[in-house]
Amino acid sequence: MRAVVCVPGGTELTELPDPEPAPDGVVVSVDACGLCGSDVHMVEHGRAVPGHVLGHEFAGRIAAVGRNAGRWRIGAPVAVNPLGGCGTCQPCRRQLPFRCAAVPNLGLTAPGAYAEFVAVPQAQLVPLPAEVPPEIGAHAEPLAVALRAVRLGRPEPAEPALVYGVGTIGLNVIMALRQAGAGTIVAVGRSAGRRAAAGAVGADVVLDSRVTDLASYAAEAGLAFGSGYECSASVGALAETVAVLAPGGVAVQVALNSAPETLDARGLVGRGLTVVGSCAFDAEDYRQAVAHLLAGRVAGADLISERVSLEQVPETLVRLRRPGDLVRVLVRP
Ligand SMILES: [Zn+2]
Ligand SMILES: [Zn+2]
């Protein structure tokens, strides 16, 4: 099969043997896979293992079935939860399957979906109805990340919420907040294209972080946020988010910062604030994400900026280091 593998300094298209299904698994023919910012960073900073196949936001059709996975039919469309988890270790019991050492994570510690085929344990499959384009399933992964973040933020109905950063995750957080019944949603971003997308997916107010000071805006508008979601990875963004929370508010750090962040702990105690990190999702978040997409409650497809071929993945991963107005790019192997 054709696959994009990591090489020193980047990625390249190559030929690999077709994967075989494990006894308790299937092989999925990849229909669509999102090009994720975390893959872009891993490649850019040389943290990807040479020969590894990245890609963890995917859906497709069953192409081969293992001997103990007979309930799955060849050709059936499926969304794939890339995170396994044994269900019994301490990280799994704390709903952190991505920290489970017992089960590999597809596209992270096991071969992923920048390829024609991927071997998948059957426990990680979520069936899609035959009439739904499998591409829809590729949005479940970033939406699941957002659902978990919003769950940790505990937004009250009709309460104002802040989303700092409007890349793929920030936009999904806006959609998840709308689903959760949040009140006024204020988003903060830089790129004009992504700010327009934030308005389109449900933000009531979208600020340009280079023009408007968040704290002054919140004071003038009389807004105190019950929850704030830091999705930008900009230095200082978490402190800005914490500063505009209402007493008892929750700041959720979703973006992976590359530099240390400083917070004044005095405000946390005096105002009774919570700061929590949110990474990935568990199996229930993923199933809920698929259900939202299938019911049309969340329009993941609206975020697609571009579809590329496997041949174009290496140059697209480089292009996404400076995404500009690009929101979501899918590879269609
Ligand atoms: Zn991702
Ligand atoms: Zn585990």
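**Note on domains, cores and a pocket**

1. The C-alpha centres of domain 1 and domain 2 lie 28 Å apart. Domain 1 comprises 2-132 + 299-331, and domain 2 comprises 144-277; such bounds come from an automatic or database domain assignment. Eleven residues of domain 1 are in contact with eleven residues of domain 2, contact meaning heavy atoms within 4.5 Å.

2. This is a predicted model, in which local features need pLDDT of at least 70 and side-chain atom pairs count only at pLDDT 80 or more, while totals for chains, interfaces and linings use all residues. Residues are numbered from 1 along each chain as its sequence is written, chains are lettered from A and ligands numbered from 1 in the order in which they are written, and side-chain values use heavy atoms, with hydrogens and water left out.

3. The largest nonpolar core has 42 residues, and Val-163, Leu-171, Val-173, Ile-174, Leu-177, Tyr-229 and Tyr-286 touch the most other members. A nonpolar core is a set of buried Ala, Val, Leu, Ile, Met, Phe, Trp, Tyr and Cys residues joined through side-chain atoms within 4.5 Å; buried means under 20% relative accessible area, exposed over 50%, and partly exposed in between (1.4 Å probe, protein chains only). Among the elements that each supply at least two residues of this core are helix 3 (140-153), helix 4 (168-179) and helix 9 (283-294). Helices (H or I, at least four residues) and strands (E, at least two) are DSSP runs, numbered from the N terminus. Helix 3 provides the largest share, eight residues. Both domain 1 and domain 2 give residues to this core, so it lies between them.

4. Tyr-286 deserves a separate look. A second, separate core of 38 residues includes Val-26, Leu-35, Ala-69 and Val-331.

5. The second largest pocket has a volume of about 370 Å³. On a 1 Å grid over the protein atoms alone, a pocket is an open set of points where a 1.4 Å probe fits, with protein on both sides within 12 Å along at least five of seven lines; lining residues have an atom within 4 Å of a point. Grid points are joined across faces, edges and corners, and a volume is the space filled by probe spheres set on the points. Of its 23 lining residues, Asn-81, Leu-83, Gly-84, Ala-123 and Ala-283 are the closest to its centre. Helix 9 gives the most to this lining, with four residues.

6. Is Pro-134 buried or exposed? At 7% relative accessibility, Pro-134 counts as buried. Pro-134 lies in the loop between strand 7 and helix 3, and its contacts beyond four places in sequence include Asp-31, Arg-61 and Leu-128.

7. Pro-104 sits in the loop between helix 2 (90-93) and strand 6 (117-121) and is partly exposed, with a relative accessible area of 43%. Not counting residues up to four places away in sequence, Pro-104 touches Pro-82, Gly-84, Thr-109 and Ala-110.

8. Ser-278, in the loop between strand 13 (274-277) and helix 9, counts as buried at 4% relative accessibility. Beyond four places in sequence, the contacts of Ser-278 include Arg-148, Leu-152 and Val-252.
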